[in-house]
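Me: I'd like to go through a few positions in this one with you. Could you set out the terms before we start?

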Amino acid sequence: MAPLRTADICDGNLALMATGELRSLQPIFRMYGRVREFAGPVVTLKLVEDENASVRRMLDGRGDGKVLVIDGGGSTRAALMGGSLAELARSRGWSGIVVNGCIRDVDEINECDIGIRALGSQPAQAGKKVPGEKHVPLFIGGAYIHDGEWLYADADGVVVSKTQLSL
């Protein structure tokens, strides 16, 4: 089955776009990892700005084709994940990761068979003291994202739908 393209998703679902059941995120995310397009049900994680205590615990669980969406408040002061967490996500079956914040170990991540979107890279590591909030609504990239919705990402951008889509 051919992957769904975000442009085709938007074009084919204008009514869902009009009602907000399908939302396109602002074009603020950079592409990382070998996998250029990914999709799956969303799992949300909200972090205190520069703390990533919960990321490893989330990624260590079975991914089963899901997409982890991490809200780090848009902070660029520290990386919320790096190469070892990207490899962990790949090995545990996560489809992809979207980070409203920074990552690090870009060369390592770009050799990993997973798709990641993030605001940029930052060599400084985040702290590990404060646990995040799992499965909570997020507002990133100009759109709300809820646990269990579907996320589609490719070279054109990222879209989120209340339900799984087909064309």
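Reply: Contact here means heavy atoms within 4.5 Å, and please keep in mind that this is a predicted model.

Me: Fine, then which residues is G82 in contact with, leaving aside its neighbours within four places in sequence?
Reply: With those neighbours left aside, G82 is in contact with R104, D105 and I109, and its place is in the loop between β5 (79–81) and α4.

Me: Buried or exposed, that G82?
Reply: G82 has a relative accessible area of 8%, and because buried means under 20%, G82 counts as buried.

Me: What does UniProt list for "binding site"?
Reply: The UniProt entry, which is unreviewed, lists G82, G83, S84, L85 and R104 under that name. Although these residues span 23 residues in sequence, no two of their C-alpha atoms are more than 10.3 Å apart, so they gather at one spot.

Me: And S84, where does that lie?
Reply: S84 lies in helix α4 and is partly exposed, at 45% relative accessibility; apart from neighbours within four places in sequence, S84 is in contact with R56 and E108.

Me: Changing topic: where is S95 found?
Reply: S95 is in the loop between α4 (83–91) and β6 (96–103), and at 17% relative accessibility S95 counts as buried.

Me: What does the side chain of S95 reach?
Reply: The S95 side chain reaches the backbone oxygen of A39, at 2.8 Å. Not counting residues up to four places away in sequence, S95 touches F38, A39, G65, K66, V67, I114 and G115.

Methods:
Residues numbered from 1 in each chain as written. Predicted model: local features only at pLDDT ≥ 70, side-chain atom pairs only at ≥ 80, totals over all residues. Heavy atoms only, no water. Helix = DSSP H or I, 4+ residues; strand = E, 2+ residues; numbered from the N terminus. Buried < 20%, exposed > 50% of the residue type's maximum accessible area, 1.4 Å probe, protein only. Polar contact = N/O pair within 3.5 Å; in protein donor to acceptor, adjacent residues only side chain to side chain. UniProt positions renumbered as here; feature names shortened; annotations may be inferred.
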